[in-house]
Amino acid sequence: MGRLKAYACLPLTKEQKNRFHVDFTKNKGEADIVIGNPKLDEIEEFHPIFVQLESAGYEKYEGKFDCIVANASGAFGLGISEYVICAVLMLKRHMKKYIGFQNKHEWNRFGDHIGSIYGDTVLILGTGDLGSNIAKRMKAMGAYTIGFRRNVKEVDGFDEVHSIKELDMYISNADMLISCIPDNNESRYLLSKDDFKKMKSNLIFVNVGRGSLVHIHELEEVMEEGLIQGMVLDVVENEPLSKESILWDMENVIITPHISGTFELDKAFELFIDLAVENVNNFVCEKTLKNIVFNK
């Protein structure tokens, strides 16, 4: 049997392609391996024996391929953790208000209390690549980090790790709640307005995971009633966020269009290529693969 053929759904340079032990084809139907995220309306054109996704998220591909599918977990922790630190500090230091002053050419000092990550108790939903990267950076800045996952085990960067079923026992003491978990039966609408009522009034909520964690109308009610200090939302239920949402105009809410982890960061793409090369070449040699999310 000759060399396996691969189809790339994203642009690769000649140098990058040369690192893979496969031949590349432009014919979707003859590709043994798919590298990247195929468009859903083109799925039927593919008949692969291995798919290496370019995203950490994989929910939309469930049941779409009758083969091994791996995701790109490990490529986005750096970028997303820096995004979280940036956005949280913007809220704690009222940077949106200062940017507004700058836009109006106003040299305006006001006396609102500012916060620090130092000394914060940070709850992080998900302790994988994203969660552990966020925890390490929060911990380096003086925070106490508590992680939540399905199965309890020690994870680097966390002071404590607990079952996600125990979250309710800790939310009343948190200064930050950060979600970076995927959409699944356990995480879908895990949080409600009632949970936010139990939180500190100075809590900052960050969601860089999936918008299905909490209904958008409940987030709007939480902020409208001033139950917590602020929110950072890179993902929301039913994206894009409706133009009519009250969250757009709130000074203590930062909204971005699902961009906390992208290949616009060169290092993220570099990490993905390293992972894809290792996985594809290991698949060719029948060696162990990383990040398998679906297995036939």
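Two strands count as paired if DSSP finds at least two bridges between them. Helices (H or I, at least four residues) and strands (E, at least two) are DSSP runs, numbered from the N terminus.

This is a predicted model, in which local features need pLDDT of at least 70, side-chain atom pairs count only at pLDDT 80 or more, and totals for chains, interfaces and linings use all residues. Residues are numbered from 1 along each chain as its sequence is written, and side-chain values use heavy atoms, with hydrogens and water left out.

**The whole chain**

Show the protein chain as a cartoon: there are seven helices and 13 strands. Its C-alpha trace spans about 70 × 45 × 35 Å along the principal axes. Colour the buried residues (under 20% relative accessible area, with exposed over 50% and partly exposed in between; 1.4 Å probe, protein chains only). They make up 49% of the 296 residues.

**The six-stranded sheet**

Select β2, β1, β3, β4, β5 and β13, which form an open sheet in the order β2-β1-β3-β4-β5-β13 with mixed pairing. β2 (23-24) and β13 (292-295) are at the edges with a single partner strand each, so one side of each has no neighbour in the sheet.

Next, select residues 33-35 and 50-52. These are strands β3 and β4, paired in the parallel sense over three bridges. Which residue in β4 is the bridge partner of isoleucine 33? It is phenylalanine 50.

**The seven-stranded sheet**

Move to the sheet with the order β8-β7-β6-β9-β10-β11-β12, an open sheet of seven strands with parallel pairing. Its edge strands are β8 (160-163) and β12 (253-255), each of which pairs on one side only. On average, neighbouring strands here are turned by 15 degrees against each other, direction ignored.

Zoom in on β7 (residues 144-149), which four bridges join to β8. Arginine 149 stands opposite serine 163 in β8.

**Helix α4**

Select residues 129-140. Helix α4 lies across β6 (121-125), β7 and β9 (176-179), and runs at about 170 degrees to β6. Its buried residues, including Leu130, Ile134 and Met138, pack against α2 (77-92), β6, β7 and β9. Just after α4, select glycine 142, which takes a positive phi of about 100 degrees.

**The nonpolar cores**

A nonpolar core is a set of buried Ala, Val, Leu, Ile, Met, Phe, Trp, Tyr and Cys residues joined through side-chain atoms within 4.5 Å. In soluble globular proteins, nonpolar side chains tend to be buried together.

The largest core here has 50 residues, and Ile33, Ile35, Val84, Ile134, Met138, Ile178 and Phe272 have the most contacts inside it. Which element gives the most to this core? Helix α7 does, with nine residues.

Select valine 84 and show what surrounds the residue. Not counting residues up to four places away in sequence, valine 84 touches Ile134, Met138, Ile178, Val206 and Val208. Last, select Leu125, Ile146, Ile171 and Ala174, which are among the 30 residues of a second, separate core.

Definitions and conventions. Axes are lines fitted to C-alpha atoms, for helices over the stretch in contact, and angles run from 0 to 180 degrees between N-to-C directions. Contact means heavy atoms within 4.5 Å.
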